[in-house]
Amino acid sequence: MTQTFAGKLLFGRASGALIFGTALMLSPALLESASAQMLGYASTAPMSFPSDNVMVQPEDDGDDTAVMPERLKRTIVAFQSNEAPGTIVVDTGSTYLYYVLGQGRAVRYGVGVGREGFTWSGVQTVTRKAEWPDWTPPSEMIARQPYLPRFVAGGPGNPLGARAMYLGSSIYRIHGTNDPSTIGKFVSSGCIRLTNEDVADLFSRVTIGTKVVVLPKPHMATRTTITVRPAAAPRPVATTAVSGRQAMNISTSSLN
């Protein structure tokens, strides 16, 4: 009698274990929940921080030019200047960046520039280049926007985008953006932004030591004169300015 009772008890326990094991195999969610309870944690959503309309951008959708007006798309234009080939000229007021090719031509890119109160002008040089750079907001920006993260690793969600070129010892950079809708606008804290596609193209042309001339807004009288006209076939730089052509002036004052 005792042996019979023990056999039934053992059979009952084995059946229960078999049923419980089958339920766990058929319900991964139940297994995960049970494991979480035993280990003392529960699933949580990824940490996030509030978006900043100046610097933090949505992730790249893979099409930088889809929302850009035609005038802001990268193109080669006729460009008369006494700046040497390889120089970068930023026309802040028109939201254009020119990479001087020489022989009266330049590559023109649409850019986003500093918002009201954050534009600047002067001459700098590229002192550093980085691909998919990390972003550490400067203390000045943290003071204005304390909710910003203190560090964002490089990658598709980084507000500096695919490339960055650092200007002198200043806090300013020429960099990419994951939000092409900001190109052609006054939106940044002083940095100059291009689409990721365009900044990669510019990055491939620029070397350490490249001269960067940033025009003020509005333009002010300076020593250097630049003339832009519709694109034409390459030809030698003209020695005499054409009458009636509108000129833009460059400030060569030092950055404050």
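**Rings, charges and a buried strand: worked exercises**

The charged end of K129 sits over the ring of F203, 4.2 Å from its centre. We're working on a predicted model, where local features need pLDDT of at least 70, side-chain atom pairs count only at pLDDT 80 or more, and totals for chains, interfaces and linings use all residues. Residues are numbered from 1 along each chain as its sequence is written, and side-chain values use heavy atoms, with hydrogens and water left out.

**Exercise 1.** Find what lies over the face of Y96, and work out which cluster Y96 belongs to.

*Solution.* 
- Start with the charge test: NZ of Lys or CZ of Arg must be within 6 Å of the ring centre and within 35 degrees of the ring normal. R108 passes for Y96, at 4.3 Å from the ring centre.
- Next, ring pairs: rings of Phe, Tyr and Trp (its six-membered ring) pair if their centres lie within 6.5 Å; planes under 30 degrees apart are stacked, over 60 edge-to-face, and the rest tilted. Such pairs tie Y96 into a cluster with F79 and Y98.

**Exercise 2.** Classify the pair W120 and Y172.

*Solution.* 
- Centres 4.7 Å apart and planes at 10° make W120 and Y172 a stacked pair.
- W120 is in the loop between β5 (113-114) and β6, Y172 in the loop between β7 and β8 (173-175), 52 residues apart.
- W120 is buried at 10% relative accessible area, and Y172 is buried at 17%.

**Exercise 3.** Why is strand β11 (residues 211-215) largely enclosed, and which strands pair with it?

*Solution.* 
- 4 of the 5 residues of β11 are buried, so the rest of the structure largely encloses this strand.
- Two strands pair if DSSP finds at least two bridges between them. Strand β2 (residues 88-91) runs parallel to β11, joined by 4 bridges, with V90 partnering V214.
- Strand β6 (residues 122-131) runs antiparallel to β11, also with 4 bridges, and V123 stands opposite V213.

Key:
Buried means under 20% relative accessible area, exposed over 50%, partly exposed in between (1.4 Å probe, protein chains only). Helices (H or I, at least four residues) and strands (E, at least two) are DSSP runs, numbered from the N terminus.
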